[in-house]
Structure formats: C-alpha cells, structure tokens
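Colleague: I have a model open and would like to learn how to read it. Could you take me through it feature by feature?

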Amino acid sequence: MNRKVLRIILAVIWFVVAILSYTRNEMSFTIISAILGVLFLVFAFKTDETSNNRRNY
C-alpha cells in the first residue's frame, strides 16, 4: 500500500472519530481528532522529496 493512500485512510478514520465524539459532546477529543485528520491529509498531499529514488548529481 502506498504511503499516500495509507495517510488518506488514517485521515478519514480520524475524521470519523471526530464526528462520533462530536455527537457525544466530547469537544476536547473532537478538536484533537479533527486536527490529527487534517495533519494526515496535509502530509498525504505534501510532496515527499525524501522518498525520491533519483539522485541529483
């Protein structure tokens, strides 16, 4: 599985956890879960320069 796909799946899971905790009125856990979901999405769509196998000589 690609790292990008894995990070997107983890972001979706954290957003689902945030929605479920919001319905139970746990605001602090909702905010933390939403922030983690956003972070995983940002890292999924950020260009990953370190995993580039071609070297620039």
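Modeller: Here is a short walk from the overall fold to single residues. This is a predicted model, where local features need pLDDT of at least 70 and side-chain atom pairs count only at pLDDT 80 or more, while totals for chains, interfaces and linings use all residues. Residues are numbered from 1 along each chain as its sequence is written, and side-chain values use heavy atoms, leaving out hydrogens and water.

Colleague: How many helices and strands are there in the protein?

Modeller: Helices (H or I, at least four residues) and strands (E, at least two) are DSSP runs, numbered from the N terminus. Here the protein has two helices and zero strands. A loop that holds Asn25 lies between α1 (3-23) and α2, and helix α2 covers residues 27-45.

Colleague: What share of the 57 residues counts as buried?

Modeller: Buried means under 20% relative accessible area, exposed over 50%, and partly exposed in between (1.4 Å probe, protein chains only). In this protein, 12% of the 57 residues count as buried. One buried case is Thr30, because its relative accessibility is 10%.

Colleague: What does Thr30 touch beyond its sequence neighbours?

Modeller: Contact means heavy atoms within 4.5 Å. Setting aside neighbours within four places in sequence, Thr30 contacts Ala18, Ser21 and Tyr22. Thr30 itself sits in helix α2, and its side chain reaches the backbone nitrogen of Tyr22 at 3.2 Å.

Colleague: Which residues does Arg7 contact, again leaving aside those within four places in sequence?

Modeller: Arg7, in helix α1, contacts Phe40, Phe43 and Ala44. The C-alpha atoms of Arg7 and Phe40 are 5.5 Å apart, although the two residues are 33 apart in sequence. Arg7 counts as partly exposed because its relative accessible area is 27%.

Colleague: Which residues make the nonpolar surface patch?

Modeller: Like charges are joined within 9 Å, and nonpolar side chains (Val, Leu, Ile, Met, Phe, Trp, Tyr) within 5 Å. Here Ile31, Ile35, Leu39 and Phe43 make a nonpolar patch of about 370 Å². Ile35 is partly exposed, at 48% relative accessibility.

Colleague: What is the phi of Asn25?

Modeller: Most residues other than glycine have a negative phi. Asn25 has a positive phi of about 60°, although it is not a glycine. Asn25 is also exposed, with a relative accessible area of 62%.

Conventions
Patch = residues over 30% accessible without salt bridge, like charges linked within 9 Å, V, L, I, M, F, W, Y side chains within 5 Å. Areas by Shrake-Rupley, 256 points an atom, 1.4 Å probe, with all protein chains shown as cover. Salt bridge = Lys/Arg side-chain N within 4 Å of Asp/Glu carboxyl O. Polar contact = N/O pair within 3.5 Å; in protein donor to acceptor, adjacent residues only side chain to side chain.
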